[in-house]
Amino acid sequence: MAQFEEVSQKSAVHPKPVGLVLQYGTAGFRTNSKQLDHVMFRMGLLATLRSKKTKATIGVMVTASHNPEEDNGVKLVDPMGEMVTPAWEGYATQLANAEQEELLTALKDIIERETISMAQEASVFVGKDTRPSSDSLSQAVLDGVHALGGHNYGLVTTPQLHYMVCCQNTQGRYGEATVKGYYRKLSQAFIQLTKNVPNRTDDQKALLVDGANGIGALKVCEMETYLKNELQLSLFNDGSSGKLNHLCGADYVKVQQRAPKGVEMTAGERCCSYDGDADRIVYYYSGSAGRFHLLDGDKIATLISTYLKELLSRHTHSSVFPDTHTHMRSVLTSPLSSQVIVRCTKTGVKHLHHAAQEFDIGVYFEANGHGTVLFSKAAEEKIQKLAQDSNTNDERRRAALLLQNTVNLINQTVGDAISDMLLIEAVLAIRGMTVQQWDAIYTDLPNRQLKVKVADRRVIDTTDAERRTVSPAGLQEAIDSRVKKYRQARSFVRPSGTEDVVRVYAEADTQESADALAHEVSLAVYRLAGGVGEEPKPL
Ligand SMILES: CC(=O)N[C@H]1[C@@H](OP(=O)(O)O)O[C@H](CO)[C@@H](O)[C@@H]1O
Ligand SMILES: [Mg+2]
């Protein structure tokens, strides 16, 4: 077939380095950008097949999120804006690793297994972040998308691409499939939510934003005029001079537990940081005596779920609403468990997202600040009805209207730094809360996150939502015995899904204890799981 000949010819322009093996990980392929040209081309091909299979628009995002600027990556977005299914992750890995002369066979194999009709039209949306390599790599994707209907959105945040894919596949019911449509939908909802808040001062409207020198900075600037001064942003690390994610951004702030470079914050001011593709956000402020206070994904989930819970409780007579459900990776000393059901899943948005879909309202956040809220169709319809019902009393109607605008403000396809930021700002305004009051909802235990290099991280196998290890032998016992030495302590170990490292997390009653425990557990990993390089040193 002519189509396959074209694939053959074009793939020669994007040759695979012989022997290179890459894995479709938690967030797609991610590695040094120099190794990715062939992967991009092939993901263009695969997206086209996925589109033919689902008879819907598929997204391809070129980004390596919070990783260093030299890295890049690619992931596929399914029709409703969600992550691609596990079977297709497997196809992605096969296709990426097929040697040059095996490519056509690998492609035909997928077509056969999925009984794909090649006559079906395809539509693929491609987006990219601001990395220097993203230009040519997204071009390689487009080369692979040789079908008609390939649409290049150019520079967009990851969540904007997810959003537009969903809009396109719901014939506009979720919104208009353009970046402007995204700005309009979110800003209108934000203005509606905040317009009746009494005495909102300029101080309350002010927010410092660290754009991680990435795409989020560009896009939040574009959005500002739509917000009509209802939010007054001071933008730092806007990409005009600094390097992407370097000493700034959500991951740096979360892991280092310190303010990013270049943000001039005064005591008590609210600040937030995005990551490199703007699908994560964390908040922070400087307290008395200059102490740094972090409000991570756990705190964000708490703020949002208590807000939703309160709005829903005004509707207790319309008992269609069950409890709000929160899904978090690491629940610390949060009081949430007594109010809402908390569930833990394996790391990775796809796991959280699917768990959240099981409920009427599911709030999910990773501690790193990636998260969103999902509403079931039934819940959305109910909210809409209540908001329009002239028989409900004022109090309940007001709550329903707030809920309705809250739904519109949230990007339900995936975690979204811009949408989450607007939601948090609206919730703080509506509840009349300062950042300190938000922080005081519960107290985090001191904690530490470390990485350990091992020869093959797959030797570590886990269970119980990655909270316990089952192999290598003796590791869990080693962790348990070390945890016992400290007060209020916990520690988890798991292989990373995005980097060639093992992650170690520890918490305890003091920072010194958390640091010491993290170090001891790192040593156990190093010794029992084949550590390479230097032994982990105390902090
Ligand atoms: C500690 C941490 O932040 N881990 C991140 C990171 O995964 P690792 O498996 O830890 O490399 O990237 C994932 C994808 O973005 C995200 O889901 C996850 O939470
Ligand atoms: Mg990201």
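A cavity here is a set of points, on a 1 Å grid over the protein atoms alone, where a 1.4 Å probe fits but cannot get out, and lining residues have an atom within 4 Å of a point. The model is predicted, with local features needing pLDDT of at least 70 and side-chain atom pairs counting only at pLDDT 80 or more, while totals for linings use all residues. Residues are numbered from 1 along each chain as its sequence is written, and side-chain values use heavy atoms, leaving out hydrogens and water.

**Close-up A. The second largest cavity.** Eight names to look for here: Glu-82, Met-83, Val-349, Lys-350, His-353, His-354, Thr-413 and Val-414 make up the lining. Sorted by class, the lining has 3 nonpolar, 3 polar and 2 charged residues (nonpolar is Ala, Val, Leu, Ile, Met, Phe, Trp, Tyr, Cys and Pro; charged is Asp, Glu, Lys and Arg; polar is the others, Gly among them).

**Close-up B. The largest cavity.** Searching the whole structure turns up 3 cavities of 30 Å³ or more, and the largest has a volume of about 70 Å³. Around it sit Gln-3, Val-7, Leu-45, Thr-48, Leu-49, Lys-52, Leu-107, Ile-111, Met-118 and His-146. (Helices, H or I of at least four residues, and strands, E of at least two, are DSSP runs numbered from the N terminus.) The lining's makeup is 6 nonpolar, 3 polar and 1 charged.

**Close-up C. The second largest pocket.** A pocket is an open set of points with protein on both sides within 12 Å along at least five of seven lines. This one holds about 1,000 Å³ of space. Of its 32 lining residues, Gln-23, Gly-25, Arg-457, Ser-496 and Gly-497 lie nearest the centre. Strand 1 (29-32), helix 12 (349-356), strand 16 (461-463) and strand 18 (490-495) each give two or more residues to the lining. By class, count 8 nonpolar, 12 polar and 12 charged.

Close-up D. Find Asn-245 in the loop between strand 7 (232-236) and helix 10 (250-256). Asn-245 counts as buried because its relative accessibility is 12% (buried means under 20% relative accessible area, with a 1.4 Å probe and protein chains only). Its side chain reaches the backbone oxygen of Ser-65 at 2.9 Å. Beyond neighbours within four places in sequence, Asn-245 has contacts (heavy atoms within 4.5 Å) with residues including Ser-65, His-66, Arg-131 and Asp-275.

Definitions and conventions: Chains are lettered from A and ligands numbered from 1 in the order in which they are written. Grid points are joined across faces, edges and corners, and a volume is the space filled by probe spheres set on the points. Buried means under 20% relative accessible area, exposed over 50%, partly exposed in between (1.4 Å probe, protein chains only). A polar contact is a pair of N or O atoms within 3.5 Å; within protein, one must be able to donate a hydrogen and the other to accept it, and residues adjacent in sequence count only if both atoms are side-chain atoms.
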